[in-house]
Amino acid sequence: MQTNAKTPLMRVHGISKSLGGREILKSISLNLYEGEMKVLIGPSGGGKSTLLQCMNYLIAPDRGHIELLGQHIDPGNHRELCLFRQQVGMIFQDFNLFDHLCALDNVSIALRKVRGMSKKQARERALSELDRVGLADKGHLYPAELSGGQKQRVSIARALAMDPKVMLLDEPTSALDPELVSEVLAVIRGLAQNGMTMIMATHQMGFTRSLADEVLFMQEGRIIEQGSPRVLLAEGSKTRTLDFCSQILDVEGGV
Amino acid sequence: MHETLDVLMDALPYVLQGAAVTIVAVIGAMFLGLFIGVPLAVGQVYGGRLIRILCGLYVWFFRGIPILVLLFLFYFGLFTLLGLNLSAVVAATIVLGMTSGAYQSQIFRGSILSLSRGQLKAAQALGMSNAMAIRTIILPQALRLSIPGWSNEYSIILKDSALAFVLGASEIMARTHFVASRTYQHLPLYLTAAVMYFILTWIGLILLRSLEKRVRIKGYVH
């Protein structure tokens, strides 16, 4: 449980977004506190991915704004926007590794080009991040030579190398073959245990139960339920969240 | 028959010097086209409305007018008006390069658009500025994908370069024409010119193919 007296690390304030005449996000507000893990759940098309991409202005919201450490971010100021994004790591469903760079360079390129590190420094840092996700020996391989799980771990290393204050994870395991999901979840679990502040869209229910501090259930552009997984997912509770999750489990036929 | 051979042997060194002029003009035009085409493509894909319109106008202009008209328009018209005293070869290279820039921009534009939008997002999410993301992530991949289209452009510029003859540039065609009109050995001389263009096309394509292989990304299937 978070105390309200603490200032949130990141504050999302009244974000709305319409795309193609359809309202995808309807005035979403939420606070992320330091060390917290929030999970976004809900049917596809509910706005989870759009919300996450609005949180670092990859998609420009129509209304509303973001604050990081109490500072209002002005997306119209390109320099300020770039500095803000350096502090917000993002993991995509389909990895989005840079196809022309080996794993090591995928991690080190932003260190060199954005942080201005020397080639040697960046390389050392990139190696230690690859080591953290268990890929120290794969640095020379290109994205096309890696499995999906390895690609996603490289993308996590790439984000971590920038020392983000918060991580946005957009269904990081949804594009993976089932047997590769656990290696990626293990890395994310390690991050959570080390106190990384995260918000993650996922359908991994077991993971959510054990690690989420708060679950946000999104549907039709609104957060319609929120609370701790113990409450929302308790047996016999009449929440939409539990209803939705039992449907996923029926389909997947698993626990 | 004997006379024909003598004419050919006499003409060959002279026409080969023309081949050197052709090669310089074509390489110059390719690179000028590259330096014009890349910004045009980036402007057309990522630019605001005004930039997109301006780039579009450039492409529309150079693709819509025959090279022969452009050569006259620039060499006798614009360059003279501006008081530029350019040699025929330089003028032809500039016109071929500017025209090729319009065509090359469409090759690069296609390559850029074929890349996933996600890589640009990932670069921006790391805090790269738009310009840096395009330069370090998008263009290195787009240029690799453009090499096959670039080979095609090479063979087109090479053959268009024969038109420089009308400005008086002393390239393969002009020199062949000069010898032929003196000796009346039209068939063997123009055949020689044809073979030279053929060989130059072939060499260029082989070089570009090996470039394509050299910069290929491991395991990359596009």
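Colleague: How many residues of chain A are in contact with chain B?
Modeller: This is a predicted model, in which local features need pLDDT of at least 70 and side-chain atom pairs count only at pLDDT 80 or more, while totals for chains, interfaces and linings use all residues. Residues are numbered from 1 along each chain as its sequence is written, and chains are lettered from A and ligands numbered from 1 in the order in which they are written. Two residues are in contact if their C-beta atoms, placed from the backbone, lie within 7 Å. By that criterion, 20 residues of chain B meet a set in chain A that numbers 22 residues.

Colleague: Which element supplies the largest share of the side of chain B that touches chain A?
Modeller: Helices (H or I, at least four residues) and strands (E, at least two) are DSSP runs, numbered from the N terminus. Both α5 (117–125) and α6 (130–160) of chain B supply at least two residues of the side that touches chain A. The residues of this side divide into 10 nonpolar, eight polar and two charged, where Ala, Val, Leu, Ile, Met, Phe, Trp, Tyr, Cys and Pro count as nonpolar, Asp, Glu, Lys and Arg as charged, and the others, Gly among them, as polar. The largest share, six residues, comes from α5(B).

Colleague: What percentage of the residues of chain B count as buried?
Modeller: Chain B has eight helices and zero strands, and its C-alpha trace spans about 75 × 45 × 25 Å along the principal axes. A residue is buried if 20 or more other C-beta atoms, placed from the backbone, lie within 10 Å of its own, exposed if 12 or fewer, and partly exposed in between. Of the 222 residues of chain B, the buried share is 38%.

Colleague: Which helix gives the most to the side of domain 1 of chain A that touches domain 2 of chain A?
Modeller: The assignment for chain A, from an automatic or database source, gives domain 1 (1–87 + 166–227) and domain 2 (95–163). Their centres, taken over C-alpha atoms, are 23 Å apart, and 10 residues of domain 1 are in contact with 10 residues of domain 2. With four residues, the helix that gives the most to the domain 1 side is α6 (residues 178–193) of chain A.

Colleague: Which strands stand at the edges of the six-stranded sheet of chain A?
Modeller: Two strands pair if DSSP finds at least two bridges between them. The open sheet has mixed pairing and the order β6-β7-β8-β3-β9-β10 (chain A). Each edge strand has a single partner, so one side of each is left without a neighbour in the sheet; these strands are β6 (88–91) and β10 (222–227) of chain A.

Colleague: Which residue is the bridge partner of M218(A) in β10(A)?
Modeller: Strand β9 (residues 214–219) of chain A is mostly covered, with five of its six residues buried. Strand β3 (residues 37–41) of chain A pairs with β9(A) in the parallel sense over four bridges, and V39(A) stands opposite V215(A). Five bridges join β9(A) to β10(A) in antiparallel fashion. Within β10(A), the partner of M218(A) is I223(A).

Colleague: Which residue in the turn of the hairpin formed by β9(A) and β10(A) has a positive phi?
Modeller: Two residues lie between the two strands of this hairpin. With a positive phi of about 50°, the turn residue in question is E220(A).
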